[in-house]
Amino acid sequence: MAQGDLLVAPTRVVIEGSGSDEVILNNIGDEPATYRISLVLRRMTEEGELVDVEEADASEAETAALSMFRYAPRRVTLPPNQPQSIRIAARPGQAPDGEYRVHMLFRAIPKAVRVEDEAAERAQGIAIQLRPVYGITIPLIVRKGRLASEVSLDNVRVVGEPGSEAIALDVARTGDRSVYGEFLVFSQGGDEPIALVRGIGVYPEIGTRPVAIPLRGDAAAQARNGPVRIEYREFAANGGGLIAEIEASLP
């Protein structure tokens with residue numbers, strides 16, 4: 001995941017019980033950059049969007065999640081192409097079994113403007129300078145206990161105008177843990193996907209969410225040439241296991 005000149009890997013951290021992991025930051029720009037690192041709460045909506053949650057509005061599980069994670073350092077200055085490790089530890093302690101999640105925010109700190117530069121601007125009249133502040137968030141998840149989920153796919157359909165069509169479907173999840181992976185579409189008898197979308201998660205706070213898989217090139221025509229098979233799979237790095245699948249004929 002990259003934003004501005006910051007590259008972050010991995011883009012998701014899952015710790016089973018008490019444990020530790022790390023995230024690697026890399027400044028891919030041409031100048032040194034400073035980033036502040038913090039933990040924030042974000043909640044998934046039924047549309048699959050992540051929205052910020054103020055601590056005052058947090059649920060009991062969200063508040064508990066904030067206290068489970070320790071990390072260091074909390075501020076880094078990265079020279080160009082110089083990686084930096086952020087160490088993360090999770091300690092769920094006596095919390096009830098379940099999945100707990102926070103999001104780690106990496107926010108760029110704008111460079112300070114010299115006093116003489118500001119004075120020169122004022123001498124020439126009023127000036128407004130907008131400095132974009134980049135930020136990246138990744139989920140940190142700790143799972144305690146034996147958790148499980150079941151997923152089903154339904155309501156497969158084509159949406160959009162010719163040239164910008166997509167396969168839409170609804171994902172239903174039950175259980176006490178999230179699911180995360182990629183959707184792959186296979187034409188009848190095909191072994192290679194004709195369309196895919198990656199990085200789709202369904203978190204425990206929701207039961208259903210819509211997903212759209214773009215159909216590019218001749219994928220729309222292939223999709224209509226007989227039934228398609230849609231697979232929801234974990235990423236290969238996580239085992240590539242099948243989460244759910246469905247076959248459907250498209251109009």
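Me: In E11, which residue is the bridge partner of Arg-107?
Reply: This is a predicted model, where local features need pLDDT of at least 70, side-chain atom pairs count only at pLDDT 80 or more, and totals for chains, interfaces and linings use all residues. Residues are numbered from 1 along each chain as its sequence is written, and side-chain values use heavy atoms, with hydrogens and water left out. Strands (E, at least two residues) are DSSP runs, numbered from the N terminus. The bridge partner of Arg-107 in E11 is Gly-135.

Me: Over how many bridges do E10 and E11 pair?
Reply: Two strands pair if DSSP finds at least two bridges between them. Strand E10 covers residues 98-108, and its pairing with E11 is antiparallel. Leu-105 stands opposite Thr-137 in E11. The number of bridges between E10 and E11 is 10.

Me: Which residue stands opposite Leu-105 in E10?
Reply: Strand E5 (residues 33-44) also pairs with E10, in the antiparallel sense over 6 bridges. Facing Leu-105 of E10 is Ser-38.

Me: How many of the residues of E10 are buried?
Reply: Buried means under 20% relative accessible area, exposed over 50%, and partly exposed in between, with a 1.4 Å probe and protein chains only. E10 is largely enclosed by the rest of the structure, because its buried residues number 10 of the 11.

Me: Is strand E11 mostly covered or uncovered?
Reply: Strand E11 spans residues 135-144. Of its 10 residues, 8 are buried, so by the definition they lie under 20% relative accessible area. Strand E11 is mostly covered.

Me: Do E3 and E11 run parallel or antiparallel?
Reply: Strand E3 (residues 13-16) is joined to E11 by 4 bridges. Val-14 stands opposite Ile-141 in E11. The two strands run parallel.

Me: Which strands stand at the edges of the open sheet?
Reply: The sheet has 4 strands in the order E15-E14-E17-E18, with antiparallel pairing. Each edge strand has a single partner strand, so one side of each is left without a neighbour in the sheet. The edges are strand E15 (195-202) and strand E18 (242-248).

Me: Which residues touch the most other members of the largest nonpolar core?
Reply: A nonpolar core is a set of buried Ala, Val, Leu, Ile, Met, Phe, Trp, Tyr and Cys residues joined through side-chain atoms within 4.5 Å. The largest has 32 residues. Those touching the most other members are Leu-25, Phe-69, Met-104, Phe-106 and Leu-140.
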